[in-house]
Amino acid sequence: QNAHPASITKIMTALLAIENGTLDKKVKVSENASGVEGSSIYLETGEKISLRDLVYGLMLRSGNDAAIAISEEIGGSKENFVNMMNKKARELGALNTHFVNPNGLHDPDHYTTARDMALIAKAAMKNEEFKKVASAKSWVTDRGEGKYNYFYNKNKVVYQYEGGTGVKIGYTKAAGRTLVASSERNGMELICVVMNAPNWFDDTYKLMDYAYSQ
């Protein structure tokens with residue numbers, strides 16, 4: 001069943017950034033990136049910020065502005081980056097997924113399925129650098145004084161759930177609450193996806209507990 005992903009879209013955005021970019025490179029923020037609605041890391045037009053800080057801001061704070069800055073850096077344009085997202089989705093077997101933006105802001109043509117998101121997250125979590133970002137409780141940027149430098153992860157799985165390792169939360173009014181969660185116990189790794197789930201964290205913990213108990 002197709003559903004709207006909201007910010008769990010950013011798993012794909014982060015994976016492409018890590019696979020195709022140089023994380024220590026400083027990226028110059030465009031006007032397009034600085035003015036994006038919703039969750040933000042408060043990028044300013046002309047600011048120079050490392051791609052690594054953008055990826056942490058994208059994943060931990062769900063920065064919609066970070067997503068646009070990443071898309072322009074990696075794809076050359078947002079449109080070209082979205083093509084990369086859809087190509088990668090097909091490569092991973094996520095055949096019922098169609099992205100139209102890198103951040104998950106609501107669009108009727110921007111959709112996925114729980115299974116597809118699990119496939120995308122599985123591929124992402126196999127990337128050591130991505131896993132490090134997704135499992136981080138916090139991150140301190142080097143943006144300089146007076147900037148928003150302390151990123152605390154909005155994904156409570158990494159604090160609350162025993163063995164929690166990620167991945168990403170999302171919410172829009174239209175999509176409801178979405179969560180891709182991951183955890184690891186006794187050498188077993190799980191990925192759990194819930195979409196349009198009012199009790200997103202509770203449902204996820206129960207599902208993962210069940211999997212471990214079996």
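This is a predicted model: local features need pLDDT of at least 70, side-chain atom pairs count only at pLDDT 80 or more; totals for chains, interfaces and linings use all residues.
Arg 115 has its place in helix α6, which covers residues 114-125. If you look from Arg 115 towards Ala 89, you will find that the two are 26 residues apart in sequence, while their C-alpha atoms are 12 Å apart in space.

Staying with helix α6, let me turn to a helix that packs against it. Two packed helices are described by the angle between their axes and the distance between the axes. Here the partner is helix α1, residues 10-20, and the two pack at an angle of about 30 degrees, with their axes 10 Å apart. That angle makes α1 roughly parallel to α6, because angles under 35 degrees count as roughly parallel. As for handedness, the crossing in which α1 passes α6 is left-handed. Which residues meet where these helices pack? From α1 there are Ile 11, Met 12 and Leu 15, and they meet Met 117, Ile 120, Ala 121 and Ala 124 of α6.

From there I would like to move to Ser 71, which sits in helix α4, residues 64-75. Is Ser 71 buried or exposed? Ser 71 is buried, because its relative accessible area is 0%, and the cut-off for buried is under 20%. Its side chain reaches the backbone oxygen of Ile 68, at 2.7 Å. If we leave aside the neighbours within four places in sequence, the residues in contact with Ser 71 are Gly 76, Ser 77, Lys 78, Phe 81 and Pro 102. For Met 85, the separation from Ser 71 is 14 residues in sequence and 9.8 Å in space, taken from C-alpha to C-alpha.

Now to the sheet. This is an open sheet of three strands, and their order is β5-β6-β7, with antiparallel pairing. The edge strands are β5, residues 164-172, and β7, residues 188-194, each of which pairs on one side only. From one strand to the next, the twist averages 5 degrees.

Taking the pairings in turn, β5 is joined by eight bridges to β6, residues 176-185, and these two strands run antiparallel. On the other pairing, seven bridges join β6 to β7, which also run antiparallel.

In β5, where Val 167 is found, the peptide bond from Gly 166 to Val 167 is cis, with omega near 5 degrees. In the hairpin of β6 and β7, there are two residues between the strands, and Asn 186 takes a positive phi near 50 degrees.

What packs on the sheet? Helix α9, residues 200-213, does so, touching β5, β6 and β7, and its direction makes about 30 degrees with that of β6. Within α9 I would point you to Thr 204, which is buried, since its relative accessible area is 0%. Leaving aside neighbours within four places in sequence, Thr 204 is in contact with Leu 179, Ala 181, Cys 192 and Val 194.

Finally, let me show you two loop residues. Asn 196 is found in the loop between β7 and α9, and its phi is near 50 degrees, a positive value in a residue other than glycine. Asn 196 is exposed, with a relative accessible area of 58%. Tyr 42, in turn, lies in the loop between α2, residues 31-34, and β2, residues 48-50. Although Tyr 42 is not a glycine, its phi is positive, at about 60 degrees, and with a relative accessible area of 53% Tyr 42 is exposed.

Definitions and conventions. Residues are numbered from 1 along each chain as its sequence is written. Side-chain values use heavy atoms; hydrogens and water are left out. Two strands pair if DSSP finds at least two bridges between them. Helices (H or I, at least four residues) and strands (E, at least two) are DSSP runs, numbered from the N terminus. Axes are lines fitted to C-alpha atoms, for helices over the stretch in contact, and angles run from 0 to 180 degrees between N-to-C directions. Contact means heavy atoms within 4.5 Å. Buried means under 20% relative accessible area, exposed over 50%, partly exposed in between (1.4 Å probe, protein chains only). A polar contact is a pair of N or O atoms within 3.5 Å; within protein, one must be able to donate a hydrogen and the other to accept it, and residues adjacent in sequence count only if both atoms are side-chain atoms. Angles under 35 degrees count as roughly parallel, over 145 as roughly antiparallel, 65 to 115 as roughly perpendicular and the rest as oblique. A crossing is left-handed if the near helix is turned anticlockwise from the far one by less than a right angle, and right-handed if clockwise.
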